[in-house]
Amino acid sequence: MEQLLLEILAILRSGKSLDSRELGKLIDSHNALVKSAQRAYSKKKILPYYLRVKEQDPARWASWGVDDELEARLMRTLRMKPRRTASGVATITVITKPWKCSSDCLYCPNDLRMPKSYLHAEPACQRAERNFFDPYLQVASRLRALEQMGHLCDKVELIVLGGTWSDYPISYQTWFVFELFRALNDAPHTDESVRERRGFYRGRGISCDEAELAGFVELEQKRIAAGEERFNAAFERLYGNSKAWAEVASAQEATLAELFEQHRINETAAHRVVGLVIETRPDAITPGRLRFFRQLGCTKVQIGVQSLRPEVLRANERRIDVQQIARAFTYLRVFGFKIHAHFMVNLYGSTPDEDVEDYREFMSCPSFMPDEVKLYPCALIEDTRLVARYEAGQWRPYGEDELVDVLVHDVLSTPPFCRVSRMIRDFSAGDIVACNKKTNLRQMVEAKLSQMDAQIDEIRYREISLAATDLASLELQQVEYETSATREVFLQWVTPEGGIAGFLRLSLPDASFVRAHKDELPVSPGEAMIREVHVYGRVANFHESAEGVQHRGLGKRLVERAADIARARGYAKLNVISSVGTRGYYEKLGFKRAGLYQARDL
Ligand code: SF4
């Protein structure tokens with residue numbers, strides 16, 4: 001392996017580059033001398049080898065004479081799955097420990113090995129189980145995997161999944177986020193520290209062995225399948241009576257002061273948090289909770305909406321109403337959070353036409369209009385109460401053409417300020433009893449849209465990634481819309497072909513709303529809010545320029561334009577809901593710490 005690596009380095013050092021075909025040929029020439037297939041070289045093995053030598057045999061690594069620039073080129077040459085960081089940020093998804101939910105929706109999976117609504121075969125869930133659901137271990141293993149694939153992880157978005165975040169004890173929520181930050185601040189992790197932490201869970205009797213985990217939940221899972229038990233009661237019997245989980249829980253506590261110290265360290269760490277996302281239910285959104293989310297460092301909230309039709313919400317036993325959803329949107333926006341909504345099609349009690357109409361309402365009614373949406377077709381999952389409706393012929397999954405047709409309509413009614421981030425859940429085909437099992441559903445929808453030659457405004461479809469962009473050709477466009485308590489200004493850098501290179505969300509809150517709710521809001525009349533700034537391109541190291549469009553002043557120009565607009569509309573102060581790792585960036589733009597935000601006088 002060393003000889004192969006040295007040849008690659010020599011080529012890069014000479015100023016040449018290696019495309020995948022040339023790299024493949026070089027690897028093949030080395031494989032010609034290898035007798036066993038198991039020992040064969042491959043692209044994905046080279047970087048882990050390089051990183052291992054760098055960490056464990058520094059003298060040998062030094063003899064290769066690799067400086068920062070050469071290392072960056074080596075990473076780019078050997079990077080696997082480049083789309084992972086194509087949007088400019090390395091995403092790390094983590095899952096909270098098995099937990100109940102204050103609701104029990106008809107279609108929601110009941111896997112007792114997971115927090116409500118998740119299934120253990122989903123990729124992120126498998127990783128969580130292998131790591132005892134420990135946030136530190138999940139981050140450590142993901143960071144290592146991404147780096148071994150050649151991704152720069154200096155800017156990290158943390159996505160915390162697990163049913164309903166607000167249903168966990170506050171002390172657990174604080175500890176979980178504290179450990180996420182600590183894991184990023186501690187990197188690189190030694191094998192010994194990881195082993196020690198794993199030993200903590202093993203020592204208390206928590207397993208990460210597939211057969212043992214299945215055995216742990218087997219009886220209660222059967223009772224749920226037979227309709228004799230609901231998830232929450234089964235959960236209590238299993239975990240509530242488990243000495244091992246109780247002992248682990250007693251160590252899962254941290255104070256806000258401890259968390260703030262990790263925040264402070266992260267501001268200048270090698271792996272900075274540029275976004276922290278948590279998911280919860282609309283009825284769990286209160287001003288008090290939103291203040292706490294900000295203290296944690298949260299910048300975006302995922303909320304399950306699923307439908308706006310009262311009869312569908314009722315039929316699916318969602319235990320929320322449309323007013324609660326609207327209220328959640330209003331508070332989230334005035335607090336400055338980015339709103340990532342989950343919306344479902346093919347729910348029990350709906351039809352394709354009603355789905356299309358419902359989504360159109362969701363995208364155009366001032367009470368809603370999310371920033372991002374996960375558009376899930378309802379899937380029939382074993383052990384859910386929807387199975388009985390299906391067997392009784394009361395619910396049927398849409399046919400493929402029907403489903404694609406609904407999604408095509410939905411994409412067409414998504415406005416330019418909204419991003420359709422997903423169209424399927426990560427369920428494995430084996431878990432789906434009925435419904436779409438195709439993982440390329442999005443491509444099918446886009447193929448149909450391209451046949452129609454229709455104009456697609458939603459963000460994800462227009463993102464330019466990895467492509468070198470001619471900055472001089474970019475135009476700054478402004479899209480405005482009214483919501484229940486704000487006027488929103490969406491600024492976007494657009495290419496002549498309609499691609500989007502970056503954007504900013506500016507919220508101009510309605511002074512009368514802010515005045516009427518002054519006791520519960522962290523902002524005052526006359527304060528505008530930047531809710532998001534995003535510039536696309538491959539992740540750039542904080543200290544060097546990127547090959548994409550990041551760090552070339554596009555973000556700064558968006559912020560200055562937002563300040564001009566807010567000033568012209570009579571606002572005296574501009575807040576930004578910055579993430580811990582972007583505080584330094586905003587300080588350079590003249591923003592100062594101001595409670596839950598950073599702020600600049602206008
Ligand atoms: S609120 Fe979400 S997690 Fe809870 S039962 Fe409903 S779908 Fe499942």
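At what angle do helix α7 and helix α8 pack, and how far apart are their axes? This is a predicted model, where local features need pLDDT of at least 70, side-chain atom pairs count only at pLDDT 80 or more, and totals for chains, interfaces and linings use all residues. Residues are numbered from 1 along each chain as its sequence is written.

**View 1. Helices α7 and α8 in contact.** Helix α7 (residues 135-148) packs against helix α8 (residues 170-186) at about 35 degrees, with the axes 8 Å apart. Axes are lines fitted to C-alpha atoms, for helices over the stretch in contact, and angles run from 0 to 180 degrees between N-to-C directions. Helices are DSSP runs of H or I, at least four residues, and strands are runs of E, at least two, numbered from the N terminus. From α7 come P135, Y136, V139 and A140; α8 brings F176, E179, L180, R182, A183 and L184 (contact: C-beta atoms, placed from the backbone, within 7 Å).

**View 2. An open sheet of seven strands.** The order is β10-β11-β12-β13-β14-β16-β15, with mixed pairing (strands pair if DSSP finds at least two bridges between them). Edge strands β10 (475-482) and β15 (592-594) each have a single partner, so one side of each lacks a neighbour in the sheet. Strand to strand, the twist averages 30 degrees.

**View 3. Strands β14 and β16, joined by four bridges.** β14 (residues 573-576) and β16 (residues 597-601) run antiparallel. Look for N575 opposite A599 in β16.

**View 4. Helix α23 across the sheet strands.** Helix α23 (residues 554-568) lies across β10, β11, β12, β13, β14 and β16, and runs at about 25 degrees to β12.

Methods
Contact = placed C-beta atoms within 7 Å.
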